[in-house]
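Subject: Structure handover

Dear colleague,

Here is the structure I said I would pass on. Please look through it with the notes that follow.

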Amino acid sequence: MQFDRKALDRLLLLNDKQLAQVVEKLATEYGLDLSAAGITVKNMGELRRALRAADDATLQSLGEQLKGGKLKP
């Protein structure tokens, strides 16, 4: 998965419920444990702040980490 500023901006336009659904879907597909990262629907504001503050190197790193994850068939 590629994360760039344009994709990130589109995600940030979603409301909290929609953003949480996208995050949960990605986590399920890539086998990520959101509870370990403390990500819940209740703290979407914190996630939004972190995503807005992410620089291009951080976004690239996130994309690389997801590539290393196991996409479920």
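Arg48 counts as buried, because its relative accessibility is 9% and the cut-off for buried is under 20%. Arg48 belongs to helix H4, and its side chain comes to 2.5 Å from the backbone oxygen of Leu14. Leaving out residues up to four places away in sequence, Arg48 touches Leu11, Leu12, Leu14, Asn15, Asp16 and Leu19.

Before the rest, please note that this is a predicted model. The protein chain has a mean pLDDT of 80, and 88% of its residues reach 70 or more. Where pLDDT is low, the predicted coordinates should not be read in detail.

Overall make-up

The chain contains 5 helices and 0 strands, so the order of elements from the N terminus is α-α-α-α-α. Of its 73 residues, 29% are buried. The chain exposes about 5300 Å², and carbon and sulfur atoms supply 55% of that area. Counting contacts with a separation of 6 or more, 81% are between residues 24 or more positions apart.

Helix H4

Besides Arg48, the buried residues of H4 include Met44, Leu47 and Leu51. Seen down the helix axis, the buried residues of H4 fall within an arc of 100 degrees, so they line one face of the helix. Arg49 and Ala53 are exposed on the other side of H4. What do the buried residues of H4 pack against? They pack against H1 and H2.

Setting aside neighbours within four places in sequence, Leu51 is in contact with Arg5, Leu8 and Leu12. Leu51 and Arg5 are 46 residues apart in sequence, and their C-alpha atoms are 9.6 Å apart in space.

Helix H1

Helix H1 covers residues 5–12, and its buried residues are Ala7, Leu8, Leu11 and Leu12. These cover an arc of only 135 degrees around the axis, which puts them on the same side of H1. The face turned away from that buried side carries the exposed residues Lys6 and Arg10. Two of the buried residues of H1, Leu11 and Leu12, are among the residues that Arg48 touches. Leu8 and Leu12 are among the contacts of Leu51.

Helix H2

Helix H2 runs over residues 16–30, which is 15 residues. From its first C-alpha to its last it reaches 21 Å, close to the 21 Å expected at 1.5 Å a residue. Its buried residues are Leu19, Ala20, Val23, Leu26, Ala27 and Tyr30. Viewed down the axis of H2, these fall within an arc of 130 degrees, so they line one face of the helix. Lys17 and Lys25 are exposed on the other side of H2.

Which residue caps the N-terminal end of H2? Asn15 does, with a side-chain oxygen 3.0 Å from the backbone nitrogen of Lys17. Asn15 is also one of the residues that Arg48 touches. Just after H2, Gly31 takes a positive phi of about 70 degrees.

Within helix H2, Val23 has 17% relative accessibility and therefore counts as buried. Not counting residues up to four places away in sequence, Val23 touches Leu34, Ile39 and Leu47. Val23 and Leu34 are 11 residues apart along the chain, and their C-alpha atoms are separated by 8.8 Å. Leu47, another of the residues Val23 touches, is one of the buried residues of H4.

Helix H5

The last item concerns Gly63, in helix H5 (residues 56–68). Is Gly63 buried or exposed? Its relative accessible area is 5%, so Gly63 is buried. Gly63 and Asp4 are 59 residues apart in sequence, while their C-alpha atoms are 8.8 Å apart in space.

Regards

Note on methods
Residues numbered from 1 in each chain as written. Heavy atoms only, no water. Helix = DSSP H or I, 4+ residues; strand = E, 2+ residues; numbered from the N terminus. Expected span 1.5 Å × (residues − 1). Buried < 20%, exposed > 50% of the residue type's maximum accessible area, 1.4 Å probe, protein only. Arc of directions from axis to C-beta. Polar contact = N/O pair within 3.5 Å; in protein donor to acceptor, adjacent residues only side chain to side chain. pLDDT = per-residue confidence, 0-100. Contact = heavy atoms within 4.5 Å. Areas by Shrake-Rupley, 256 points an atom, 1.4 Å probe, with all protein chains shown as cover.
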